[in-house]
Amino acid sequence: MEKLELKIAYTEFENEGELSAVDQNLIKKARDAGDLAYAPYSDFHVGAAVLLENGVIITGNNQENVAYPSALCAERVAIYYAGAQHPHVAVKAIAITCKSKSFHVKDPISPCGACRQAMSEYEMLHNSTIKVILMGETGKIRIVDSIADLLPFMFKAEELKKS
Ligand code: THU
């Protein structure tokens, strides 16, 4: 028997001013997208902005539904649109922000497990890492250099292969 440990690395910034201009712009795009979210049931408005290797930025927001489980998170709306429109272009980064009219979101958002799995697919597909920039409505920004850090022991394609 052996007990093992797994560590992940991430960086925190006190405010947007500490970020590069590229990251600041991506956060702004995510925030603008979040303003257009359709979230009448949760009042939790999430925006995502995906930066592709060719410089194109694709944005998305959460789309809710009266049949609650039919909703889709902002991250998947954005990354699937990027995959649909630019199937051969690697994803460099994704910024994710959130806000609500009924409460103040001061901590960086933490993407759900399904979105982590969905985003990880594009790291594996293009064999390149995706930088994840997380922010609430205000406050600090958390940056993780790869989806793999957000999803240890992720399900991988080789597990489907019969030995
Ligand atoms: N949501 C996202 O869009 N992204 C996340 O990372 C977490 C949650 C959405 C789903 C739902 O519309 C609302 O936020 C509340 O869970």
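Modeller: What follows is a discussion of the ligand site, the surface and the side-chain pairs. Please keep in mind that this is a predicted model.

Biologist: Which residues place an N or O atom by an oxygen atom of the ligand, and at what distance?

Modeller: Glu64 has a side-chain N or O atom 2.5 Å from a ligand oxygen. In Glu75, a polar side-chain atom lies 2.5 Å from an oxygen atom of the ligand. Ala74 takes part through its backbone, with an N or O atom 2.9 Å from a ligand oxygen.

Biologist: How much of the ligand's area does the protein bury?

Modeller: One takes the exposed area of the ligand alone, which is 380 Å², and the protein buries 77% of that.

Biologist: Turning to the surface, which residues form a nonpolar patch there?

Modeller: The patch consists of Leu6, Ile8, Tyr10 and Phe153, which together have about 490 Å² of accessible area. Of these residues, Leu6 lies in the segment before strand E1 (11-13).

Biologist: How many aromatic pairs are found, and how is such a pair read?

Modeller: The whole structure holds two aromatic pairs. One of them is Tyr41 with Tyr68: the ring centres are 5.4 Å apart and the planes stand at 45 degrees, so this pair is tilted. Tyr41 is in the loop between helix H1 (21-34) and strand E2 (45-52), and Tyr68 is in the loop between strand E3 (57-61) and helix H2 (74-85), so the pair ties together parts 27 residues apart in sequence.

Biologist: Finally, what should I look for in salt bridges?

Modeller: Side chains of opposite charge can pair when their charged atoms come close. There are eight salt bridges in the whole structure. In one of them, the side chains of Lys140 and Glu12 meet at 3.4 Å, N to O. Lys140 is in the loop between strand E5 (131-135) and strand E6 (141-144), while Glu12 is in strand E1, so that distant parts of the chain, 128 residues apart, are linked.

Conventions
Residues are numbered from 1 along each chain as its sequence is written. This is a predicted model: local features need pLDDT of at least 70, side-chain atom pairs count only at pLDDT 80 or more; totals for chains, interfaces and linings use all residues. Side-chain values use heavy atoms; hydrogens and water are left out. A polar contact is a pair of N or O atoms within 3.5 Å; within protein, one must be able to donate a hydrogen and the other to accept it, and residues adjacent in sequence count only if both atoms are side-chain atoms. Accessible areas come from the Shrake-Rupley method with a 1.4 Å probe; for residues, only the protein chains shown count as cover. Patches are made of residues with over 30% relative accessible area and no salt bridge: like charges are joined within 9 Å, nonpolar side chains (Val, Leu, Ile, Met, Phe, Trp, Tyr) within 5 Å. A salt bridge is a side-chain nitrogen of Lys or Arg within 4 Å of a carboxyl oxygen of Asp or Glu. Helices (H or I, at least four residues) and strands (E, at least two) are DSSP runs, numbered from the N terminus. Rings of Phe, Tyr and Trp (its six-membered ring) pair if their centres lie within 6.5 Å; planes under 30 degrees apart count as stacked, over 60 as edge-to-face and the rest as tilted.
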